[in-house]
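Dear colleague,

Please find below the structure that I am handing over to you, followed by an account of what was found in it. I should be grateful if you would read the notes with the model open.

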Amino acid sequence: MSQGPRSGLSAVSSALLAMSRHLEVRDVLKTIVASARELLDAQYAALGVPDDHGGFAQFVVDGVSDAQWKAIGPLPRQHGILAAMLHEARPERLADVRKDPRFEGWPSAHPNMSDFLGLPIRDGDEVIGALFLANKVRPSAGRGQDVPAPRAGGGCGFTEDDEELLTILAQHAAIALTNARLYERSRELTIAEERSRLAHELHDAVSQKLFSLRLTAQAAAALVDRDPSRAKGELQQVAALAAEATDELRAAVVELRPTALDEDGLVATLRNQIQVLDRAHSARVAFSSRGVRALPAAQEEALLRVAQEALHNALRHSGAARVDVTLEKHGPGAVLRVIDDGGGFEPAAIRSAGRHLGLVSMRDRASGVGGNLTVESAPGKGTTIEMEVPGG
């Protein structure tokens with residue numbers, strides 16, 4: 001490969017590392033395009049992710065200003081050279097893209113391009129994108145600016161070495177893009193699971209209280225004339241049920257707002273949520289903390305989510321009269337314990353029956369931040385869930 005200032009081993013390594021840092025698909029696409037353009041000294045670079053309707057689901061460019069991009073207009077369709085790369089799945093290196101018989105023109109605001117290097121991005125047999133560069137440049141002596149590279153005999157400014165380098169980049173781009181898609185899909189599933197769990201909670205708790213509230217209000221209305229004293233008692237019950245329903249809703253909303261971690265920190269967020277749960281349930285729910293300082297954001301969110309899941313199980317399924325939550329400093333990290341005096345369960349039996357009570361999710365959250373989770377329980381003996389995380 002050529003040993004230009006940006007095409008050495010260090011530059012290639014930097015480009016690959018940059019691609020692996022991002023998890024959002026859009027960020028990965030932008031990084032791939034910027035890395036390819038810089039690495040191969042191109043004036044323009046672009047990457048298109050095809051959709052199933054003859055167009056592009058995403059199209060990212062580098063070297064074109066926002067104003068230029070807006071003036072160009074709608075995303076391109078899969079035609080001409082772009083279609084060839086997607087459908088024929090082979091590299092294209094052209095001295096002048098405008099003279100290729102497959103060229104079908106471009107919008108009037110489109111920048112002028114000549115030499116061209118493009119190739120598909122493949123995941124196995126599937127083409128998941130097309131990456132291409134235009135207008136190879138070289139430093140202009142004494143002016144510190146880039147100008148189009150001279151074409152010997154009208155040949156393409158992009159060399160075979162450039163094509164080989166871009167092929168390596170595209171192979172790693174496929175991995176980075178696939179990983180980003182998997183991450184986004186996983187996040188979507190997590191959000192869907194959280195919404196589903198919240199829907200069940202609202203149905204199990206708030207809807208039942210509202211049903212009881214309606215029946216009690218009807219009873220009070222029937223008693224107003226013939227037994228005002230009893231009607232008064234029923235109305236007091238209506239007020240109590242309404243307050244409980246409000247607390248349930250507030251608890252649900254709190255679970256949807258982990259941003260409180262950024263504002264208040266883990267200890268204050270847990271204390272506030274547990275106070276709400278203590279008011280909303282007949283069980284006594286208590287919280288204590290000793291020596292815990294700020295932890296990395298990912299660890300704090302994992303601890304909060306595990307505490308929420310463990311509290312959900314204890315308050316909804318165990319029949320506990322008391323639940324104690326403690327958070328303590330443990331070396332540079334912290335340990336969380338959620339202890340209830342409920343009916344308990346046999347962990348092995350729960351696993352074999354396919355009912356996990358969120359244990360798999362909690363273990364995944366713990367391992368995801370380098371921690372571990374242990375569960376101690378037995379029928380009639382209550383449950384202790386302990387999560388330990390290292391420091392940052």
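In this predicted model, R93 stands opposite L117 of strand β4. The two strands concerned are β3 (residues 92–94) and β4, which run antiparallel and are joined by three bridges. Strand β4 spans residues 116–123 and is mostly covered, with six of its eight residues buried.

As to the protein overall, its secondary structure comes to 10 helices and 11 strands. It has 392 residues, of which 42% count as buried. Among contacts with a separation of 6 or more, 61% are between residues 24 or more positions apart.

The confidence of the prediction should be kept in view. The average pLDDT is 81, and 81% of the residues score at least 70. Two stretches call for caution. Over residues 1–7 pLDDT stays under 50, and the model has 16 contacts beyond four places in sequence for them. Over residues 139–145 pLDDT likewise stays under 50, with five contacts beyond four places in sequence. Where pLDDT is low, the predicted coordinates should not be read in detail.

I turn next to the aromatic residues. The structure holds five aromatic pairs. One of them joins F56 and F59 edge-to-face, at 5.2 Å centre to centre and with 70° between the planes. Both F56 and F59 are buried. F59 also pairs with F132, in a tilted arrangement with 6.1 Å centre to centre and 50° between the planes. Because F59 lies in strand β2 (residues 56–62) and F132 in strand β5 (residues 126–140), this pair ties together parts that are 73 residues apart in sequence. The relative accessibility of F59 is 8%, so it counts as buried; F132, at 10%, counts as buried too. F56, F59, W69, F116 and F132 form one aromatic cluster.

Strand β5 also holds N135. This residue has a positive phi of about 65° although it is not a glycine. N135 counts as buried, at 7% relative accessibility.

The largest nonpolar core has 36 residues, of which L270, L311, V323, L327, L336, L373 and M387 touch the most other members. Elements that each supply at least two residues of this core include α7 (260–280), β7 (284–290), α8, β8 (322–330) and β9 (333–340). The largest share, nine residues, comes from α8. Not counting residues up to four places away in sequence, L311 touches I274, L277, V285, V323, V325 and V338. Another core, of 32 residues, lies apart from the largest one and has A15, L47, L166 and A180 among its members. In soluble globular proteins, nonpolar side chains tend to be buried together.

Helix α8 itself covers residues 297–317, 21 residues in number. From its first C-alpha to its last it reaches 30 Å, close to the 30 Å expected at 1.5 Å a residue. As 16 of the 21 residues of α8 are buried, the helix is largely enclosed by the rest of the structure. Just after α8, G319 takes a positive phi of about 70°.

Helix α2 (residues 25–39) has 15 residues, which should span 21 Å at 1.5 Å a residue; its end C-alpha atoms are 21 Å apart, which agrees. Its buried residues include V25, V28, L29, I32, V33, A36 and L39, together with T31 and S35. An α-helix has 3.6 residues a turn, so residues three or four places apart point the same way.

Which residue takes a positive phi just after α2? It is D41, with a phi of about 55°, a positive value in a residue other than glycine. D41 lies in the loop between α2 and β1 (42–50). With a relative accessible area of 16%, D41 is buried.

One further position may be of interest. T216 lies in helix α5 (residues 160–223) and counts as buried at 11% relative accessibility. Leaving aside its neighbours within four places in sequence, T216 is in contact with E234, Q237, V238 and L241.

With kind regards

Notes:
Residues numbered from 1 in each chain as written. Predicted model: local features only at pLDDT ≥ 70, side-chain atom pairs only at ≥ 80, totals over all residues. Heavy atoms only, no water. Helix = DSSP H or I, 4+ residues; strand = E, 2+ residues; numbered from the N terminus. Expected span 1.5 Å × (residues − 1). Buried < 20%, exposed > 50% of the residue type's maximum accessible area, 1.4 Å probe, protein only. Contact = heavy atoms within 4.5 Å. Pairing = 2+ DSSP bridges. Phe/Tyr/Trp six-rings, centres within 6.5 Å; stacked < 30°, edge-to-face > 60°. pLDDT = per-residue confidence, 0-100. Core = buried A, V, L, I, M, F, W, Y, C linked by side-chain atoms within 4.5 Å.
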